[in-house]
Amino acid sequence: MSAVGLQDDEDTFKILIATDIHLGYLEKDPVRGNDTFVTFNEILEHAQKNEVDFVLLGGDLFHENKPSRKTIHTCLESLRKYCMGDRPVHFEVLSDQAVNFQFSKFPWVNYQDENLNISMPIFSIHGNHDDPTGVDALCALDILSCAGLLNHFGRSTSVEKIDISPILLRKGRTKIALYGLGAIPDERLYRMFVNKQVTMLRPKEDEDSWFNLFVIHQNRSKHGATNYIPEQFLDDFINLVVWGHEHECKITPAQNEQQHFYVTQPGSSVVTSLSPGEAVKKHIGLLRVKGKKMKMQRIALETVRTFYMEDVVLADHPELFNPDNPKVTQAIQAFCMEKVEMMLDNAERERLGNPRQPEKPLIRLRVDYTGGFEPFIIHRFSQKYMDRVANPKDIIHFFRHREQKEKNDNDLNFGKLFSRPASEGVTLRVEDLVKQYFQTAEKKVQLSLLTERGMGEAVQEFVDKEEKDAIEELVKFQLEKTQRFLKERHIDAEEVKIDEEVRKFRESRRENTEEEDEEVREAMTRARAHRSKDVVLDSASSDEELMDTGMKASGDSDDDIPTTLSRGRGRGRARGARGQNSTARGASRRGRGNTSQGSSTSSRTYKSVPDKNLSIMDAFRSLKPEPSQSASKFFSEDIIDDELDLEESHISLSSKTNQRFSAMSSFSKRGSQSQTSRGVDFESDEDDPFKSTATSRRKK
């Protein structure tokens, strides 16, 4: 808060920087449910008191991809309270806003809207938690943008080429080129950087006079061969990179020795995992930019719940613990209790100095019981701290380093699937666990048709985005593709030859990662289309049930009724009602599809039983001289044709967007410049260029 007393002149940008706020995290927890909302209010309060020009968020404003009504409502309350007012905005936008905010129905910065009274603009990219999904590719930030409370930028939908166009800002004689890139799957973005498919556009006029600020939300630390973005991939004309997604607070800018730009990592504003990186004190940054000079001021967050963490290795205390002692478990429990009491005392002393901090701290004691020890019952231990700790259920974590055993084909070592202790800096995602599971599984449970990469992506989509049909559609899609491959090669219907060809086809797909990414995207599109059509079908079925309530029929069978029609209905309903309306529904089905026969229903609208149970051998049975009766053929052709139409329209839209970028007269793709011409430096407190007695304000 000391920055309030500084005299900032009309040439100085003041920007509040924060990332990974995760609104709505544990919102149903009775103790920690309001932590994210309280801290978000504190961040906006700091911004208002420091009279910043704008707030810059680095992604993951929301914790859930589909935030609850409570989370959305509380966020809107805070934004309306702190961002609206009569204070004038002192900077102007020079770039083409129709390009910067091209995905918005209101493509201009919110403080220039005549119907709004914005005193503190907020610019934000999306993160991996609140990224655009669904048929319309919308995210929670788009709701805030449409309401005029936030400026969502840095969005890219193309999977072939990314052109990052900056928002050009000017305040007095200081000019900032603000670049942003929302979260993209790390492996895909890594490949695009390697193939030189990511371009940062630069202003033609006086390109050396701009302070280039880049906001990104990706893995910074290496989680795998391509599951991160190396800093060396970024252009060296950038002056400062604001890195989101990483939760450990490293807000002091650090210089990259190779590219010579500076990187600041504000970290998260709330503890979302009980790991060492989260135990670091939480800060936000107040960035001042004047000309080509910058200064970062650290602001400690006072409303963040204190978090203490400690590691204990029982084998390091032979004088206290002997595995052969029958009372060693009681001794370990007493030792752990002593450690927890010490952490609670430290948390109490810290809280007394700041009344704004929550009363109950987060405590985590990790106990390594390697060496023949046995863990005690955690639930009984936790009950002693129910009223003193915010996380009593997971206050203690027992783990041990597993010894290398001789590999046994009949036994699967599930220990390989678990992540190592967080102190080693290794975290696994859902798709990583799926991949490792199949790599370490015995031969009889290995995937013989699907690929680990595609299955992992589908599981991740199912977990994160709640796409319930993601896995099913991926299996269907890859099964159809394999069937078409075998048909084209005219393989004899012998199981040995089929298995060999399937194995070769699977290996070729594993090597072609780009094609596999296309498969996953295609399957996800189909899953979303299924979800949308299921909603329509359920609504239509409800209307039909109201009409069919009193009607009865006899002699009709349920075998001819597709399974989707009965989904979500009560089992107590008369079977005759379903059978009596099968003709009418069949006619409706023919009207919706593009086929001429009633038997060839559209697979995209209805999920029939034969389509679900298709196998590789069914592909060869369909080679008999009755091609019109092949259910798998109709299924494959209808789906592929429909999806190709969607894909072509999507690509043409992207090409128009690229033409729009290339037609911009104010930008050009230029090379990097030397560090000496950039002239970026930090100013010390003793020689502060921002201190000035003159203060001038211009009206909005």
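These are my notebook entries on what I looked up in a predicted model.

**Entry: the nonpolar cores**

I began with the largest nonpolar core, which has 32 residues, and I noted that Leu61, Phe62 and Leu79 are the ones with the most contacts inside it. I then listed the elements that give two or more residues to this core, and they are strand E1 (12–18), helix H1 (35–49), E2, H2, helix H4 (140–146) and strand E15 (283–290). I also recorded a second, separate core of 29 residues, with Phe13, Leu169, Ile176 and Phe211 among its members. As background, I wrote down that nonpolar side chains tend to be buried together in soluble globular proteins.

**Entry: Phe62 and Pro67**

I looked up the contacts of Phe62, setting aside neighbours within four places in sequence, and found a list that includes His22, Leu23, Pro67, Cys75, His129, Ala140 and Leu144. I followed this to Pro67, which lies in the loop between strand E2 (54–57) and helix H2 (69–83). Once residues up to four places away in sequence are left out, Pro67 touches Phe62, Ile72 and Ala140. For the pair Pro67 and Ala140, I noted a C-alpha to C-alpha distance of 7.4 Å, although 73 residues separate them in sequence.

**Entry: His129**

I checked the record next, and UniProt, in an unreviewed entry, places the feature "active site" at His129. In the model I located His129 in the loop between strand E4 (122–124) and H4, and its relative accessible area of 26% makes this residue partly exposed. Apart from neighbours within four places in sequence, His129 is in contact with His22, Asp60, Phe62, His63, Glu64 and Asn65. I also looked for what its side chain reaches, and noted the backbone oxygen of His63 at 2.8 Å from the side chain of His129.

**Entry: the cysteines**

I asked how many disulfides there are by the distance rule, and the count comes to zero. I took Cys75 as a case to work through: its closest cysteine sulfur belongs to Cys83 and is 9.1 Å away, whereas a disulfide needs sulfur atoms within 2.5 Å, so the sulfur of Cys75 is too far for a bond. Cys75 counts as buried at 0% relative accessibility, and Cys249 also counts as buried, at 10%.

**Entry: the open sheet**

I traced an open sheet of seven strands, whose order is E3-E7-E8-E11-E12-E14-E13 and whose pairing is mixed. Its edges are strand E3 (92–93) and strand E13 (250–255), each of which pairs on one side only. I then went through the two pairings of E14. Strand E12 (residues 240–244) runs parallel to strand E14 (residues 262–265), and three bridges join them, with Tyr262 in E14 as the bridge partner of Leu240. E13 and E14 run antiparallel and are likewise joined by three bridges, and here I found Ala254 opposite Val263 in E14. Finally, I looked at the hairpin of E13 and E14, which has six residues between the strands, and noted that His260 takes a positive phi near 70 degrees in this hairpin.

Notes:
Residues are numbered from 1 along each chain as its sequence is written. This is a predicted model: local features need pLDDT of at least 70, side-chain atom pairs count only at pLDDT 80 or more; totals for chains, interfaces and linings use all residues. Side-chain values use heavy atoms; hydrogens and water are left out. Helices (H or I, at least four residues) and strands (E, at least two) are DSSP runs, numbered from the N terminus. Contact means heavy atoms within 4.5 Å. Two strands pair if DSSP finds at least two bridges between them. A nonpolar core is a set of buried Ala, Val, Leu, Ile, Met, Phe, Trp, Tyr and Cys residues joined through side-chain atoms within 4.5 Å. Buried means under 20% relative accessible area, exposed over 50%, partly exposed in between (1.4 Å probe, protein chains only). UniProt positions are given in the numbering used here, feature names are shortened, and annotations may be inferred rather than shown by experiment. A polar contact is a pair of N or O atoms within 3.5 Å; within protein, one must be able to donate a hydrogen and the other to accept it, and residues adjacent in sequence count only if both atoms are side-chain atoms.
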